[in-house]
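The sequence and structure are shown below.

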Amino acid sequence: MGLFTSDIKSLDDLFVHTLQDIYYAENQITKALPKMIDKATDPQLKQGFEMHLRETENQIKRLEQVFQMHGQQAKAVDCPAIDGIIKEANETAGEIADKEVLDAALLASAQAVEHYEITRYGTLIAWAKRLGRNDCASVLQQTLDEEKATDQKLTAMAESKVNQKAA
């Protein structure tokens with residue numbers, strides 16, 4: 001189902017499609033994070049990525065819960081946006097020899113992922129509420145709060161240490 005195909009006829013269809021999109025994205029993130037953990041040299045950054053991997057695994061479970069609450073099978077649809085963000089991160093990381101600059105690049109890539117997730121979850125929450133699914137919105141809100149907290153931690157790490165070392 002493409003985003004603008006005739007398969008999406010209602011806000012409910014769009015909600016489900018976007019759930020499938022972020023479900024795919026979260027699963028791709030769980031595949032990308034171990035590579036980022038391996039490449040990161042800053043101990044705090046490495047630890048943050050490890051923590052976020054565990055968090056992402058729980059977020060996937062929450063998405064499966066929302067699918068079930070909404071009477072849908074948990075199913076993924078390709079998300080070209082997250083594929084592009086991850087591809088760019090891999091390409092950039094592969095071109096950087098300086099480990100401190102690499103850490104700054106990995107951190108920036110992680111923030112790009114977080115910002116994408118924040119937009120998706122914010123939208124899903126708004127649509128869930130509009131559809132009268134405050135139960136789904138509440139579960140999704142837990143994940144949005146985690147994504148925002150992760151972004152704030154990454155910003156603090158970048159500003160206090162990683163970017164300075166890279167400079």
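## The largest cavity

Helix 1 gives the largest share of the lining of the largest cavity, namely four residues. Helices (H or I, at least four residues) are DSSP runs, numbered from the N terminus. A cavity is defined on a 1 Å grid over the protein atoms alone, as a set of points where a 1.4 Å probe fits but cannot get out; lining residues have an atom within 4 Å of a point. The model is a predicted one, in which local features need pLDDT of at least 70 and side-chain atom pairs count only at pLDDT 80 or more, while totals for chains, interfaces and linings use all residues. Residues are numbered from 1 along each chain as its sequence is written, and side-chain values use heavy atoms, with hydrogens and water left out.

The whole structure contains one cavity of 30 Å³ or more. The largest cavity holds about 40 Å³ of space, where a volume is the space filled by probe spheres set on the grid points, which are joined across faces, edges and corners. Its lining consists of Ala-32, Lys-35, Met-36, Lys-39, Ala-89, Asn-90, Ala-93 and Leu-106. At least two of the lining residues come from helix 1, and at least two from helix 3. Divided by class, this lining has five nonpolar, one polar and two charged residues. In this division Ala, Val, Leu, Ile, Met, Phe, Trp, Tyr, Cys and Pro count as nonpolar, Asp, Glu, Lys and Arg as charged, and the others, Gly among them, as polar.

## The largest pocket

A pocket is an open set of grid points with protein on both sides within 12 Å along at least five of seven lines. The largest pocket has a volume of about 300 Å³. Its lining is made of 23 residues, and those nearest its centre are Gly-48, Phe-49, His-52, Thr-150 and Leu-154. Two or more lining residues come from each of helix 1 (11-39), helix 2 (43-69), helix 3 (80-94), helix 4 (99-130) and helix 5 (134-166).

Helix 2 supplies the largest share of this lining, seven residues. The lining of the largest pocket comprises 13 nonpolar, seven polar and three charged residues.

## The nonpolar core

In soluble globular proteins, nonpolar side chains tend to be buried together. A nonpolar core is here a set of buried Ala, Val, Leu, Ile, Met, Phe, Trp, Tyr and Cys residues joined through side-chain atoms within 4.5 Å. Buried means under 20% relative accessible area, exposed over 50%, and partly exposed in between (1.4 Å probe, protein chains only).

The largest nonpolar core has 46 residues, and Phe-15, Leu-19, Phe-49, Ile-82 and Leu-140 have the most contacts inside it. Helix 1, helix 2, helix 3, helix 4 and helix 5 each give two or more residues to this core. Contact means heavy atoms within 4.5 Å. When residues up to four places away in sequence are not counted, Phe-49 touches Leu-33, Met-36, Ile-37, Ala-40, Leu-106, Leu-107, Ala-110 and Leu-154.

## Cysteines

A disulfide is a covalent bond between the sulfur atoms of two cysteines. With a disulfide taken as a pair of cysteine sulfur atoms within 2.5 Å, the count comes to zero. Cys-79 is in no disulfide, and the nearest cysteine sulfur, that of Cys-136, is 20 Å away.

Cys-79 is buried, because its relative accessible area is 1%. Cys-136 also counts as buried, at 0% relative accessibility.

## Individual residues

Thr-56 lies in helix 2 and is buried, with a relative accessible area of 0%. Apart from neighbours within four places in sequence, Thr-56 is in contact with Glu-26, Ile-29, Thr-30 and Leu-33. Gln-28, in helix 1, counts as buried at 19% relative accessibility. Not counting residues up to four places away in sequence, Gln-28 touches Ile-82, Asp-83 and Ile-86.

Glu-88 belongs to helix 3 and is exposed, with a relative accessible area of 53%. Thr-92 is also found in helix 3, and is partly exposed at 31%. In helix 4, Ala-126 is partly exposed, with a relative accessible area of 44%. Ala-126 and Ala-137 are eleven residues apart in sequence, and their C-alpha atoms are 7.5 Å apart in space.
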